[in-house]
Amino acid sequence: MGGSAFGKFIRAGLLAGTCLAAAPAAAQDEDVEARLDRLERLVTQLVERLDAKDGELDARQAETVVQTQQALAETRDLHERQEALAAQIDESQKQDGKGFRVGNTRVSYAGYVKLDAITQRTSAGQVGSSSIVRDFLIPGAIPVGGEASGWDTDFNARQSRLVFKTATDVGGEHTLGSQIELDFMVTPDGDERISNSYQPRLRQAFITYDNWLFGQAWSTFQNVGALPDSLDFIGTTPGTVFVRQPMIRYTAGGFMLAAEQPETTVTASNGARVLPGDDTIPDMVARYNFTGDWGSLTAAGILRNLRIADDDFGSGSGSALGYGLSVSGKVQLGERDDFRFMGTVGDGLGRYIGLNIVNDAAVDANGDLDPIFTYSGFGAFRHQWSDQLRSSVAGAYFKADNPVLLTSGAVTDESWNVLANLIYSPVRPIDIGIEYMYAERTTEDGQSGNLQKVQVSTKYSF
């Protein structure tokens with residue numbers, strides 16, 4: 001075989017390899033990587049045959065071999081970059097019917113529409129008609145020390161949610177995306193008389209670039225994947241880490257490291273909450289996620305610098321260390337069952353647990369911060385009765401070690417709740433369910449109150 005024939009063979013092989021790398025996956029009969037491997041072996045065998053026949057390659061043939069090997073490497077690199085690009089926009093492609101393209105950016109959307117019909121009573125005080133306690137469980141706001149209420153009924157669609165995502169093609173070497181999420185919970189100026197209009201609110205808004213996240217998202221200290229399948233907004237609120245806030249987060253595999261918004265909450269001597277606004281060091285969170293066929297497990301740790309200034313209490317400036325550990329997960333128990341759980345313990349974690357049931361710290365007579373120790377947790381079991389019917393039972397508990405001499409006895413000592421539900425999905429995007437919940441709160445001075453709630457919800461996810 002002469003140099004000309006050798007060159008033609010090489011050019012034909014390279015053309016075939018490049019076409020393989022550029023062709024859509026659906027048009028390929030076998031894996032592109034396997035074809036490139038075979039082409040490389042053919043080139044090697046050809047060189048060996050020429051060596052055996054002529055003793056050695058001439059200069060022209062040797063140069064062609066070098067060029068061939070370089071071209072093969074470039075073809076492999078092209079294939080790898082195309083795979084990376086496909087992975088980058090895969091999430092948007094899954095929602096082709098839900099979005100549109102603007103230049104190099106794919107915009108997609110998701111969300112749900114939900115109607116909640118809630119009737120509830122409290123044993124020790126009336127909840128106002130405009131209170132968010134009538135929309136979902138807030139353990140620290142369960143009334144104590146008053147007269148029992150009747151059963152109060154409310155209908156609302158405020159939990160309905162819109163999520164917008166983008167994925168921008170910036171080449172195979174990088175990924176770039178964003179997410180903005182809105183709903184209508186916990187917003188002012190609504191009414192139940194005429195229009196039931198409510199303002200939208202920002203839930204999440206963040207940018208992702210390669211392994212980095214910049215913006216407002218669920219706290220890295222929280223594991224959203226462990227939350228129970230409940231009709232209530234959270235469900236096991238007393239035992240749940242629940243915070244959304246601005247942050248900078250780095251992710252590498254299962255490892256996450258984040259610097260998140262600091263915000264110290266302090267209990268005054270009369271039990272009132274004070275927000276000093278003098279924080280200087282971000283809350284630092286480290287987390288690792290383990291996953292397998294059995295389910296998932298998350299371990300997260302947090303360090304905080306709690307801080308006050310002289311203009312807050314007139315007792316000078318002060319700071320203290322806050323810290324905590326949370327372990328949570330979801331374990332598969334056969335094909336139709338799973339168990340979800342969370343356990344959290346720490347000092348100065350108040351605003352991270354159960355919608356700020358207690359505060360992070362109190363102030364002693366010397367003007368020093370005294371962090372409040374807390375522990376909490378929940379467990380939830382879900383059973384799938386059939387492809388269309390499922391149930392969950394769950395319970396949660398919270399306990400605080402308040403320095404009562406500094407906070408008064410009006411602050412929450414403990415809170416717990418239990419719930420059970422039945423959810424029917426006639427078709428996949430629709431859930432229709434009923435749920436019963438019982439919750440209690442006890443203060444340090446021994447006063448207690450409970451809340452009972454029956455909730456019927458219909459939810460259409462898109």
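The legends below describe close-up views of a predicted model.

**View 1. The largest pocket and its lining.**
The largest pocket has a volume of about 870 Å³. Its lining is made up of 35 residues, and those nearest the centre are Arg161, Trp218, Val224, Leu227 and Lys459. Strands β2 (105-122), β6 (201-209), β7 (212-218) and β22 (448-461) each contribute at least two residues to this lining. Sorted by class, the lining holds 14 charged, 12 nonpolar and nine polar residues.

**View 2. The second largest pocket and its lining.**
Of the 19 residues that line the second largest pocket, Arg201, Phe242, Val243, Arg244 and Leu355 lie nearest its centre. Both β6 and β8 (244-252) supply at least two lining residues, and β6 gives the most, with three. Nine of the lining residues are nonpolar, five are polar and five are charged.

Strand β5 covers residues 176-183, and its side chains alternate. Strand β4 (residues 161-168) runs antiparallel to β5 and is joined to it by seven bridges; Thr166 stands opposite Ser178 of β5. Strands β5 and β6 also run antiparallel, with eight bridges between them. Here Ile180 stands opposite Ala205 of β6.

**View 3. Asp183 and its two arginine partners.**
The side chains of Arg201 and Asp183 form a salt bridge, at 2.5 Å from N to O. Arg201 belongs to strand β6 and Asp183 to strand β5, so this pair ties together parts that are 18 residues apart in sequence. Arg201 counts as buried at 18% relative accessibility, and Asp183 counts as buried at 0%. A salt bridge also links Arg203 and Asp183, at 3.5 Å from N to O. Arg203 lies in β6, so the pair with Asp183 in β5 ties together parts 20 residues apart in sequence. Both Arg203 and Asp183 are buried.

The side chains of Arg158 and Asp135 meet in a salt bridge, at 3.1 Å from N to O. Arg158 is in the loop between β3 (152-156) and β4, and Asp135 is in the loop between β2 and β3, so the pair ties together parts that are 23 residues apart in sequence. Arg158 is buried, with a relative accessible area of 8%, and Asp135 is buried, with 12%.

Note on methods: Residues numbered from 1 in each chain as written. Predicted model: local features only at pLDDT ≥ 70, side-chain atom pairs only at ≥ 80, totals over all residues. Heavy atoms only, no water. 1 Å grid on protein atoms, 1.4 Å probe; cavity = no way out; pocket = protein on both sides within 12 Å on 5 of 7 lines; lining within 4 Å. Points joined across faces, edges and corners; volume = space filled by probe spheres on them. Helix = DSSP H or I, 4+ residues; strand = E, 2+ residues; numbered from the N terminus. Nonpolar A, V, L, I, M, F, W, Y, C, P; charged D, E, K, R; others polar. Buried < 20%, exposed > 50% of the residue type's maximum accessible area, 1.4 Å probe, protein only. Pairing = 2+ DSSP bridges. Salt bridge = Lys/Arg side-chain N within 4 Å of Asp/Glu carboxyl O.
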